[in-house]
Amino acid sequence: MSSTEQNGPSVVAIGSRGVLADKVVNYGPVVLVAGLVVGVWYLMHYVIMGERRRFIIPPPHRVIDESFFNSTARSELFEGFVNTGRVAILGFFIAAILAFVGAVVMALSRIAERALFPWAVMLQTIPVIALVPLFRVWFGPTVKTRVITCVLVAIFPIVTNFLFGLKSVDRGQLDLFRLHQANWWTRLWKLQLPSALPAIFTGLRIGAGLCVIGALVADFFFTRGDLGLGRLINNYAQELQYERLFGGVILASLLGVALYALIGWIANRVLRDWHETEGNAA
Amino acid sequence: MSNHIAHTATSQQARGDTRLSFNNVQMVYPDGTNALEDISFDVAAGEFVTVVGPSGCGKSTLLKIASGLLDHTGGDVAIDRDSIGYVFQDATLLPFRTVQRNVELIAELHGMPKAERRPLAAEAIELVNLKGHEKKYPKQLSGGMRMRCSLARSLVMKPEVFLFDEPFGALDEISRERLNAEVLSLFKQENFAALFITHSVAEAVFLSTRVLVMSAHPGRIIDDIDIPFDFPREHDLRYTPEFGEIAARVSHGLLEAHA
């Protein structure tokens, strides 16, 4: 039709800025803040902390040197990273699958929702951390126990976001499906699931972060079994090896950020064509 | 006024090929609200009946009952439920489907295989002037284009009855007039029966072969006006004295309805 009715894709071609200039605008602020943080870190160590206490904030270059260029520390930290990462990822997948099944069942049946949702809420309100020692007694310091911890910590926000997505389908679209006598499966498959995708990815993103926390918490409680990052961090703190302690913290953060970013990337791939908020991100 | 209604109601029936028939329809909501009282009218193929009325008079209820989305509490409704095109207040497009796949949706829900619905959808897209936009997603379309897409979606199954629930209320004046013209050309081309809900007097008179004015609490038909203008109707019909006269009558009916 005529050009007055065209609203085109949100094309962002502001002036004739070059690729390099774009990069500076997009990534500049983040790099700047990172530089500031490192600067303050050095400042803390060399200026603000007194001579006798500055060892509790080792400067960044010593952290990297001690954690990642020392072969003992490096292999220890790497082992912990792999073990904790494996638990977090395994827990994440199991939590996501359980949450998905639960949310679909609750979205389809009001009775199921009434029966199941209070339990999900209860999971959220009881401090799962308090149960970890009990799980250790029941199942031993195994990968299984750690994964269970992960799942229990992470599942609630995933379920609620999934369920919210499945249930907040546009009223008119539901009427349309009803008008044309679509059955529950068609409604679920062609309307509710795709409509819920943005909320599903939100749930997965939150869940991924929580799974890393769950895995670390399990580590803290386990002095036996696989060596995890949480236990290493604990050990280094007790041995006053603050450089390596920081190294462990950095790796743990990296794990969380990596999972979060991976899901964000997938979400963007899936949603960018049609979802209002996706596709324009830097 | 009331004997006038009775007259036209019977004369409409005489025209034959009735596609939608309301007979003393009554709607009382569970909370006791009397939404519709004693509504009777027919819509035949080639008739374009518009219902105007103040907000809350039960116009939308009327349409929901016609479509079967809502059950009425009294009287009879006759319509072929399998041959309804329903155009909603919003375009209700699925945001995750392209224009092409949105237009195919209803045919898909009725189990039509892909090879069959593809060409039908292409035809409907061409009819509403959306050719070239097939691969776009709803977020890339303007309000007017979304409404066109919604029209095309309903056209695919070539329904015998079209129900319009204030479809152009959210559009600007120009888009609305343009879509009015397009709806009329589709109407002449496909010869469906149309029941159209609006609160715009000009839209009602321009589109219709017959206008019903409703009052609220309870929703009743208080005036029934035949619109004599021939088709095709040109844009400037809106500025003729005859059009003004009829619009004035509808408008006075609405004032009465509000009183």
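So, the open sheet in chain B: six strands, in the order β5-β6-β7-β3-β8-β9, with mixed pairing. This is a predicted model, by the way, so please hear everything I say with that in mind. The edges of the sheet are β5, residues 84–87, and β9, residues 220–226, and each of those pairs on one side only. On average, neighbouring strands here are turned by 15 degrees against each other, if you ignore direction.

Let's walk through some of the pairings. Take β3 of chain B, residues 48–52. That strand runs parallel to β7(B), residues 193–198, and five bridges join the two. If you want a residue pair to click on, B:Val51 has B:Ile197 as its bridge partner in β7(B). β3(B) also pairs with β8(B), again in the parallel sense, over four bridges. There you can look at B:Val49, which stands opposite B:Arg210 in β8(B).

Now, β8 itself. Is that strand mostly covered or mostly open? Covered: β8(B) spans residues 210–215, and five of its six residues are buried. Moving on to β9(B), the pairing with β8(B) is antiparallel, with six bridges. B:Leu212 stands opposite B:Asp224 in β9(B). Those two strands make a hairpin with four residues between them, and in the turn B:His217 has a positive phi of about 50 degrees.

β1 covers residues 18–28 and β2 covers 34–44, and they pair antiparallel over seven bridges. This is a hairpin too, with five residues between the strands, and the turn includes B:Gly32, at a positive phi of about 95 degrees. β1(B) also runs antiparallel to β4(B), residues 74–79, joined by five bridges. What stands opposite B:Phe22 in β2(B)? That's B:Phe41. And in β4(B), the residue opposite B:Phe22 is B:Val77.

Let me zoom out to the whole of chain B. There are eight helices and nine strands. Along the principal axes, the C-alpha atoms fill a box of roughly 50 × 45 × 35 Å.

What about the packing inside? The largest nonpolar core has 85 residues, and the ones with the most contacts inside it are B:Ala152, B:Leu163, B:Ala194 and B:Val250. Take B:Val250: leaving aside neighbours within four places in sequence, the residues in contact with B:Val250 are B:Val52, B:Val201, B:Ala204, B:Val205, B:Val211, B:Val213 and B:Ile225. Then, apart from that core, there's another one of 53 residues, including A:Ala95, A:Cys211, A:Leu232 and A:Leu251. In soluble globular proteins, nonpolar side chains do tend to be buried together.

That takes us over to chain A, and to helix α9, residues 229–238. Its buried residues are A:Leu229, A:Gly230, A:Arg231, A:Leu232, A:Ile233 and A:Tyr236. What covers them? Among the elements doing that are α3 (71–108), α8 and α10 (242–271) of chain A. Just after α9(A), A:Leu240 takes a positive phi of about 60 degrees.

One more stop in α10(A), at A:Gly264. A:Gly264 counts as partly exposed, because it has 16 C-beta neighbours inside 10 Å. Look at A:Thr202 as well: A:Gly264 is 62 residues away from it in sequence, but C-alpha to C-alpha the two are 8.8 Å apart.

Last thing, the interface. Here 21 residues of chain A are in contact with 22 residues of chain B. On the chain A side, α7 (171–179) and α8 (184–221) each supply at least two residues. α7(A) gives the most, with seven. By class, that side of chain A has eight nonpolar, seven polar and six charged residues.

Definitions and conventions:
Residues numbered from 1 in each chain as written. Chains lettered and ligands numbered in written order. Predicted model: local features only at pLDDT ≥ 70, side-chain atom pairs only at ≥ 80, totals over all residues. Contact = placed C-beta atoms within 7 Å. Nonpolar A, V, L, I, M, F, W, Y, C, P; charged D, E, K, R; others polar. Pairing = 2+ DSSP bridges. Buried ≥ 20, exposed ≤ 12 C-beta atoms within 10 Å, placed from the backbone. Axes fitted to C-alpha atoms, helices over the stretch in contact; angles between N-to-C directions. Core = buried A, V, L, I, M, F, W, Y, C linked by C-beta atoms within 7 Å.
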